[in-house]
Structures are given as C-alpha cells and as structure tokens.
Amino acid sequence: MKNLIGLLSVFIVLLLSCGGNEESRKSQTKEKINTPPFIESVEILPEHPKLGSRVLLRIKAGDKEGDKINFSVQWFLNDTKIGEGIEFYLDRAKRGDKIYAEVTPDDGKRRGETVRTKTIEVGNTPPKITNATITPDTVLVSTPNLTVNGEGYDPDGDSISWLCYWVLDYSERLPDSSTTLNLKNLKLKKGSHIIAELYAFDGDTVSTPYLLQIDVVNAHPILARNIDSIPYKPDSIYFPLPIIDPDGDPITFELLSAPEGLKIDKDRGVIYGSVEDTSSLEVMVRATDSDGAFLEARFTLTSPAPSKSSE
C-alpha cells in the first residue's frame, strides 16, 4: 500500500510539472509570434503649409496582436532635421522649401518599419497689414479726393503693392481699386458713408482686408467767390452776400458789425440801407447753417471813384 501511494504521488508531481512546462511553452510561443506594428499610410496636413503653420500627421496603422502603438516622428526641412513629434510648428521656412517626416511605429515590444511621408512644398505666405490711415480724416461734400495709406510686411520678404475697394452707402461697390478715390463725380451728400477695403498684394496672394470707414460730415457755409471789396453808392446800398452752404442747408445771416444805417436780410443774406459817411466801410457778418456751423466774413464797402464825365 505504501508503495502504491508513493507511485501515485510521483505521478501527480509529474503531471503538475508537465502542466507548468506547457504554460511556460505557450507563453514563450506567444512572445515569439508577436509581430511588429505596421503603417498603412501617412500624410502631412496641410498639404501646402505656410510659415507659421502647425503641421501634423494623419497616420493609419495597425498591429496584428492589437497592441497599443506609439509613433516616433522626425521632421526634415530641405533634408535637415528640424523637429520631432506628431505635430510641429513651422517657425522657420520660406516659400519653396521641402518638408517630409519619417515615422516609426512601436508596440512596446517591437519596432515596425520606418515610413517616409511624401515630400511637400512650403506655400506662399500672404502679406500682413499692421495699420492703415485715411486722408483727410474729415470729408465734406467739397472734398476732392480720399486716400488710404497702408503699413505692413510680407513674411516671405516679397515686395508689397496695395489695392483698395470702395463701398458707398453700404451697398454700391465702386469699380475703382486704387488707393486714392476721386470724390468729385460721386454726388456725395452730408451723411454719405464710405468704406475702404484695403488689401496688400505680394504678387501671388492678398492679405485679409483692413477696413476703414468715414462719413461725409456737415460743411460750414463758404464764400462762393473771392470778394472782399464792393463799390457802393452811399444813398443806395444793396449787396447780396456771396455766401453759400455746400450741403444746401438753409443759412441764417446776421450783422456782427456795420456802420449805422445798414441792415441785413437774415434769410436772403442781403445787406441794404444807406450811410452818410463816404469813406470805406467795413462790414462783419456771420452765416450759420441749420446744424450750427458758421462762417464769419469781413467785407469792405468802397465808395466808387467819380466818373470823368461828372468832373
């Protein structure tokens, strides 16, 4: 009986030993058959990056055992290594430079085959506008021209030219694309609104627009003609003032200073009356439009020289 129990014990130990060896062999076999991960496709986005772009990779890869895949990436600019990682900020490049990446997959046990992306070319970088001004900064209906002056640069070092599109009263886009707009034939009126869309152009692409806006403001009354000395007869003075309002607003006239005997028609702007003094007379008037803008003007009324026939 003792011999039988001993034999059984030995048999059980052998079975346990064989079972352990079997598990060990399976584990070893599993390690031996692990395959490296593989890359099916890889591409750089965007396809035509510019200076300052963030470039990244779109990777399609697999692992037969379903292991997690990590990627080692090296970026090259004109065959010189410039960085690592799935994403890369393109802070030093110029138009026409060549970029590619080398990608290696790794499942933590084995490294896969390194794959090189297609080589792409750095595209043109649009110019940038940093500031712009419009001249003059006040526009009246009588203003002859409007000019936009831009400041900017091109990241690629290209020379810049300027063009401007003009929009009148939010709707009418004018055909003129120059930076100076002739206002004479636009029939502007008080309150007209002008938008200037300024662009910088590097010969290939344009910048984002820089918008400037300005309104036609109220103009004060002006002299219709340059007259400051008017002959008169002392006993009969009738002098329509040569003052108009460019906006067509009604004008109110008043005398600020004048010899005794002279009056002014406040609506028509006519100085009338008679004076006894036959020397030169100075008259100071103010013309005010309906918005309160005014012009003050001085006129000299000069007694005419006697004619030869009356001598």
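**Notebook: rings, cores and one threonine**

Both W75 and F88 are buried. I started there, keeping in mind that this is a predicted model.

**Entry 1: aromatic pairs.** How many aromatic pairs does the count come to? I get four. W75 and F88 make one that is stacked, with 6.3 Å from centre to centre and 25 degrees between the planes. I checked where the two sit: W75 is in strand β3 (residues 70-77) and F88 is in strand β5 (residues 87-89). They are 13 residues apart, and the pair links distant parts of the chain.

Next I looked up F239 and F299. Is their pair stacked or edge-to-face? It is edge-to-face, at 5.6 Å centre to centre and with 75 degrees between the planes. F239 belongs to strand β18 (residues 237-240) and F299 to strand β24 (residues 294-302), so this pair ties together parts that are 60 residues apart in sequence. I also noted that F239 and F299 are buried.

**Entry 2: charges over rings.** I found R116 lying over the face of Y100, 3.6 Å from the ring centre. Then I turned to R286, whose charged end sits over the ring of F294 at 4.9 Å from its centre.

**Entry 3: T117.** Having seen R116, I moved on to T117. Where is it? T117 is in the loop between β7 (115-116) and β8 (120-121). Why does T117 count as buried? Its relative accessibility is 5%, and buried means under 20%, so T117 qualifies. I then listed what T117 touches, skipping residues up to four places away in sequence: V42, I44, L57, Y100 and A101.

**Entry 4: the nonpolar cores.** The largest nonpolar core has 20 residues. Which of them touch the most other members? I wrote down I134, L146, V148, W166, L183 and I194. Five strands each supply at least two residues of this core: β9 (128-135), β10 (145-153), β11 (161-168), β14 (193-201) and β15 (210-215). Which strand gives the largest share? That is β14, with four residues.

Leaving out residues up to four places away in sequence, I194 touches L146, W166, V167, L168, L183, L188, L212, Q213 and I214. L146, W166 and L183 also stand in my list of residues that touch the most other core members.

Last, I noted a second, separate core of 19 residues, which includes I243, I264, V285 and A287.

Technical notes:
Residues numbered from 1 in each chain as written. Predicted model: local features only at pLDDT ≥ 70, side-chain atom pairs only at ≥ 80, totals over all residues. Heavy atoms only, no water. Buried < 20%, exposed > 50% of the residue type's maximum accessible area, 1.4 Å probe, protein only. Contact = heavy atoms within 4.5 Å. Core = buried A, V, L, I, M, F, W, Y, C linked by side-chain atoms within 4.5 Å. Phe/Tyr/Trp six-rings, centres within 6.5 Å; stacked < 30°, edge-to-face > 60°. Lys NZ or Arg CZ within 6 Å of the ring centre and 35° of its normal.
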